[in-house]
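Here are my notes on this model. Please read them with the structure open.

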Amino acid sequence: MLNSTFYPTDFLLVGVPGLEHKHFWISIPFCIIYILALLGNLLIMAIIRMSPKLHQPMFIFLSMLAFNDSLLCTSIAPKILSIFWFNDRVISFNGCLLQMFFTHAFSSIQSGFVVSMAFDRYVAIYKPLRYHAIITSSVIFWLVFALLIRAVVMVGPCPILIKKFPAFKTNVIAHSYCEHMAVVKLAATDIRVNSIFGLISAFIIIGGDLLFIFLSYVMIFNTVFLLPSKDARLKAFHTCTPHVCVFLSFYSMALFSFLSHRFGKKIPPYIHIIFSDIYLLVPPFLNPLVYGLKTNLIREELRKLLMKH
């Protein structure tokens, strides 16, 4: 343990505390999930780019979600695997803060894209005749711009506040990546400002996005139940199914990770760490599968692409 006047130039990432002897075996599913997530998202982006039929707002959002998912899992997976395979635990102070910023920023943007897709489904079902007048290229641009600004405003202060800490108790991070609170807890100073800001940011992003999605689907389901025919209702529900699967997988893992880190004192540390990793790796892996299996247009275009080759 280092003294309280210590200011590190590097941090040491533990990996999965308590399961260091099983790092190699844990790395196998992590590596497979990461590779499949990259391949799946790259395939989704390629299919949407090459098919004029898919140049629609919903698929543009999906393509941007796939791009963001690729960046999100890449922000942590290579370093995690280097820890598991080569015991390469060292990460520079600034490198740690950069990883923290990009990880949380991409996670915030991912949540925003899930909200944007809920808005898209709401307009498509609630006001189908005005859909193309409401969801325009300009609207998509400003939505994406707003998500980028929100990520910078909500996440940017976190590494800046950590940079201002006068000293740290240790440079050993009991985590497999530079998660915000895992780093903050190392400080040998009052961390209330950082903790409160982290809570406010999380509630604004996750809480606000969940509320918007909930309200969107209340209005969507209300509209669907008023449709005259059973076939029309089933078709409307079917168009929403992939999105519902995506936001359930993302937010259930996000809430568990967030709440267990702050309030799950009796949860073993390795459970929390593994779920934190899963929360960032599994949704990017699942999203292409969900949309690929559940969206007819994507399946058709994939079939055509495979038949050409």
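What percentage of the 309 residues in the protein chain is buried?

1. Burial and basis. Buried residues make up 49% of the 309; buried means under 20% relative accessible area, exposed over 50% and partly exposed in between, with a 1.4 Å probe and protein chains only. This is a predicted model, where local features need pLDDT of at least 70, side-chain atom pairs count only at pLDDT 80 or more, and totals for chains, interfaces and linings use all residues. Residues are numbered from 1 along each chain as its sequence is written, and side-chain values use heavy atoms, with hydrogens and water left out.

2. Overall build. The protein chain has 12 helices and 3 strands. These are DSSP runs numbered from the N terminus: H or I of at least four residues for helices, E of at least two for strands. The radius of gyration is 21 Å, close to the 19 Å from the globule rule for 309 residues, so the chain is as compact as a globular protein of that length. That radius is taken over C-alpha atoms, and the rule is 2.2 Å times the number of residues to the power 0.38. Along the principal axes, the C-alpha atoms fill a box of roughly 70 × 45 × 35 Å.

3. Helix 2 against helix 4. Helix 2 (residues 57–74) packs on helix 4 (residues 93–126) at about 165 degrees, with axes 9 Å apart. Axes are lines fitted to C-alpha atoms, for helices over the stretch in contact, and angles run from 0 to 180 degrees between N-to-C directions. That makes the two helices roughly antiparallel; angles over 145 degrees count as such, under 35 as roughly parallel, 65 to 115 as roughly perpendicular and the rest as oblique. The contact (heavy atoms within 4.5 Å) includes Phe 61 and Leu 65 of helix 2 and Phe 106 and Phe 113 of helix 4. Its residues divide into 12 nonpolar, 5 polar and 3 charged.

4. Helix 2 against helix 6. Helix 6 covers residues 137–155 and packs on helix 2 at about 25 degrees, with axes 11 Å apart. The pair is therefore roughly parallel. Pro 57, Ile 60, Phe 61 and Met 64 of helix 2 meet Ile 140, Leu 143 and Val 144 of helix 6. This contact has 7 nonpolar residues, no polar and no charged.

5. Arg 150. This residue is in helix 6. Arg 150 is buried, at 19% relative accessible area. Beyond four places in sequence, Arg 150 touches Ser 108, Ser 111, Gly 112, Val 155, Ile 205 and Asp 209. The C-alpha atoms of Arg 150 and Ile 109 are 8.2 Å apart, across 41 residues of chain.

Notes. Nonpolar A, V, L, I, M, F, W, Y, C, P; charged D, E, K, R; others polar.
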